[in-house]
Amino acid sequence: MTGLPVMFSGQGFSPKGDKERFVLPAAFRKAVTESSGNKGLILIAKHDKWPCLTGFGLSRRDTFPAQIDREEEMAARNGLPFDRDLRFFQLYDCAEVAFDGSGRFIIPAHLRSLVGISDAIYFQGSGPFITLWSPEVLAAQDGPQWASAQANCTSLIAEAGKTRK
């Protein structure tokens, strides 16, 4: 066991740097490191519903078998079909991505292309995981439920623009 699962909250932003690297914000770096057994390692996967990626530490992966058991039990109680093999396939379909002490990491190109990440990432803590968004894709989300994240993203982009000048 790599430790207890952690909950992520807060926001961050990273423009793409040299060598195709992004920076995991300090607000998330310590928690991800601790939840990965004190290793600079984040697991990244495509979100199953939204057009973004998710990131989390190794400890969350340790919870997947129990999660699948709960989902199967709920499906059985409701008389719904459940495919354990497919659910294992979905949950374990994540890339192990190393990051250095400064938080620099490279997201595999196939994952970036699934969600339109190119020049920047907006990070949003979402409880048991972090969402990683293309700012343009996040801005295109429709509905009041996205307003706060969209405003945070716009603000962080403006701040980053001031510091780059």
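Is Arg-61 buried, partly exposed or exposed? At 22% relative accessibility, Arg-61 counts as partly exposed, where buried means under 20% relative accessible area, exposed over 50%, and partly exposed in between (1.4 Å probe, protein chains only).

The model is predicted, so local features need pLDDT of at least 70 and side-chain atom pairs count only at pLDDT 80 or more, while totals for chains, interfaces and linings use all residues. Residues are numbered from 1 along each chain as its sequence is written, and side-chain values use heavy atoms, with hydrogens and water left out.

The sheet comes next. An open sheet is built from 6 strands in the order β1-β7-β8-β4-β3-β5, with antiparallel pairing. Its edge strands are β1 (11-15) and β5, each of which pairs on one side only. Strands (E, at least two residues) and helices (H or I, at least four) are DSSP runs numbered from the N terminus, and two strands pair if DSSP finds at least two bridges between them. In general, strands of a sheet pair through backbone hydrogen bonds, either parallel or antiparallel.

Side chains of opposite charge can pair when their charged atoms come close. The structure holds 11 salt bridges, each a side-chain nitrogen of Lys or Arg within 4 Å of a carboxyl oxygen of Asp or Glu. One of them joins Glu-96 to Arg-61, with the closest N and O atoms 2.8 Å apart. Because Glu-96 lies in strand β5 (residues 95-98) and Arg-61 in helix α2 (residues 58-61), this pair ties together parts that are 35 residues apart in sequence. Glu-96 is partly exposed, at 48% relative accessible area.

Arg-104 and Asp-100 also meet in a salt bridge, at 2.7 Å from N to O. Arg-104 is partly exposed at 34%, and Asp-100 is partly exposed at 26%.

Lys-16 and Glu-20 form another salt bridge, their closest N and O atoms being 3.5 Å apart. Salt bridges link Lys-16, Glu-20, Arg-112 and Asp-119 in a network.
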